[in-house]
There are 2 protein chains.
Amino acid sequence: MSATRTRLSPDRRREQLLDLGVGLLAGRRLEDLSIDALADEAGISRGLLYHYFAGKREFHLAVLRRMADQVVAITAPPSEGDPLAQMVTSLTAYVDFVAANRIAYVSFVRAAAAGDEEFRRIYEDARAALTDRIFDHAGRDVLEGLGFVDGPALRLLVRGWSAMVEDTVLSWLEDDRGIGRDDLLEMLAQALVGVAGVVSTTR
Amino acid sequence: MSATRTRLSPDRRREQLLDLGVGLLAGRRLEDLSIDALADEAGISRGLLYHYFAGKREFHLAVLRRMADQVVAITAPPSEGDPLAQMVTSLTAYVDFVAANRIAYVSFVRAAAAGDEEFRRIYEDARAALTDRIFDHAGRDVLEGLGFVDGPALRLLVRGWSAMVEDTVLSWLEDDRGIGRDDLLEMLAQALVGVAGVVSTTR
């Protein structure tokens with residue numbers, strides 16, 4: 001656990017501290033995440049932590065940015081396989097992450113929604129990365145495999161679908177309504193197909 | 001404009017004052033909506049207003065409740081016609097309301113998302129009313145006309161679709177990406193069909 005035991009570059013040590021911060025957030029809200037708690041967890045002094053983070057707000061912003069990067073990284077779809085299966089794999093990682101970090105994730109969404117510009121930018125950048133990816137690299141195969149054509153209308157709808165996924169997953173975690181995780185994942189992936197299919201029917 | 005000119009019951013006058021409050025919110029954020037501004041607009045004294053609202057927070061809650069009720073009322077789908085056309089009519093009223101009251105609507109969504117329990121309840125009640133309606137009365141015809149069967153999975157997805165509509169409309173109002181209003185409405189209505197169609201394919 002201690003960040004002092006191993007010799008690391010300052011950048012690498014900072015990343016390690018941020019991972020600890022993300023871990024601490026899994027069980028508490030953002031406003032309850034203090035530099036003191038991180039100092040305890042990392043086994044290093046509060047004074048040393050101020051070497052890495054100028055203050056509580058900078059610490060919070062850095063932890064949220066780290067969490068957002070993690071969400072984007074772990075949900076990267078595999079580069080091969082059936083397009084719909086790729087999407088289900090990506091959604092599985094997302095649902096499992098949100099389930100394991102629900103309190104943190106909800107406080108992230110709330111901080112962004114409440115209108116703080118910097119929180120909002122981190123959130124919007126992550127969402128853009130998540131949805132733009134569907135139009136890049138492996139994602140292109142998914143889209144093309146499903147017969148959809150890139151354009152402003154499809155991008156707007158895919159963005160809307162990502163809002164649907166977030167809302168649906170948070171709602172399902174609060175009350176699963178007897179719906180199993182695999183059925184949820186399958187429905188959300190199919191919903192993208194249904195939503196994206198709209199573009200070809202209306203234009 | 002003046003609420004003092006006509007003889008009204010206290011309840012009716014309160015409603016009239018709330019309509020003025022909703023109107024004032026069209027051009028300013030919730031935190032900038034003061035009882036003073038309402039007193040000016042209504043042409044009555046600040047003291048008299050405290051007869052209707054105990055304080056700023058009660059006034060804000062009542063104005064948001066009134067706005068939520070208005071959204072639910074004006075978006076009621078017509079009781080007749082092609083199911084998809086009914087949905088487009090309802091969505092048209094929603095998009096036009098959000099366009100005309102964008103600042104107010106965004107501050108409503110943000111107040112709810114930021115986690116204030118009372119704001120949140122007003123917002124969630126309105127969303128529940130909007131989506132449950134799809135399963136009642138005229139809405140049933142829409143669903144049945146489209147061949148979908150009521151159940152927890154469909155309700156969860158329709159709720160998710162409503163999050164998609166809200167996000168997409170707010171995003172489109174910020175930047176229309178060259179997409180016309182009629183195309184947007186058609187796409188959102190079709191997206192409900194696409195999303196709801198998932199239930200029959202997966203279960």
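Which residues does Ser90(A) touch, not counting residues up to four places away in sequence?

Modeller: Leaving out residues up to four places away in sequence, Ser90(A) touches Thr75(A), Pro77(A) and Arg133(A), where contact means heavy atoms within 4.5 Å. Before going further, please keep in mind that this is a predicted model, in which local features need pLDDT of at least 70 and side-chain atom pairs count only at pLDDT 80 or more, while totals for chains, interfaces and linings use all residues. Residues are numbered from 1 along each chain as its sequence is written, chains are lettered from A and ligands numbered from 1 in the order in which they are written, and side-chain values use heavy atoms, with hydrogens and water left out.

Ser90(A) is found in helix α5 of chain A, which covers residues 83-100; helices here are DSSP runs of H or I with at least four residues, strands are runs of E with at least two, and both are numbered from the N terminus. With a relative accessible area of 12%, Ser90(A) is buried, because buried means under 20%, whereas exposed means over 50% and partly exposed lies in between, for a 1.4 Å probe and protein chains only. For a sense of distance, Phe148(A) is 58 residues away from Ser90(A) in sequence, and their C-alpha atoms are 19 Å apart in space.

Turning to the chain that holds this position, chain A has 10 helices and 0 strands, so that from the N terminus on its elements run α-α-α-α-α-α-α-α-α-α. The C-alpha trace of chain A spans about 60 × 35 × 30 Å along its principal axes, and 52% of its 203 residues are buried. When one considers the contacts in chain A between residues at least 6 apart in sequence, 66% of them join residues at least 24 apart.

As background, nonpolar side chains in soluble globular proteins tend to be buried together.

As for the relation between the chains, chain B is superposed on chain A by a rotation of 180 degrees with 0.0 Å of shift along its axis, at an RMSD of 0.0 Å, and the two copies are therefore related as by a two-fold rotation axis. The same surface serves both copies, since 100% of the contact residues of chain B recur in chain A. Among the residues of chain B, Gly194(B) comes closest to the rotation axis, its C-alpha lying at 1.9 Å.

Methods
Least-squares fit on C-alpha atoms with pLDDT ≥ 70 in both.
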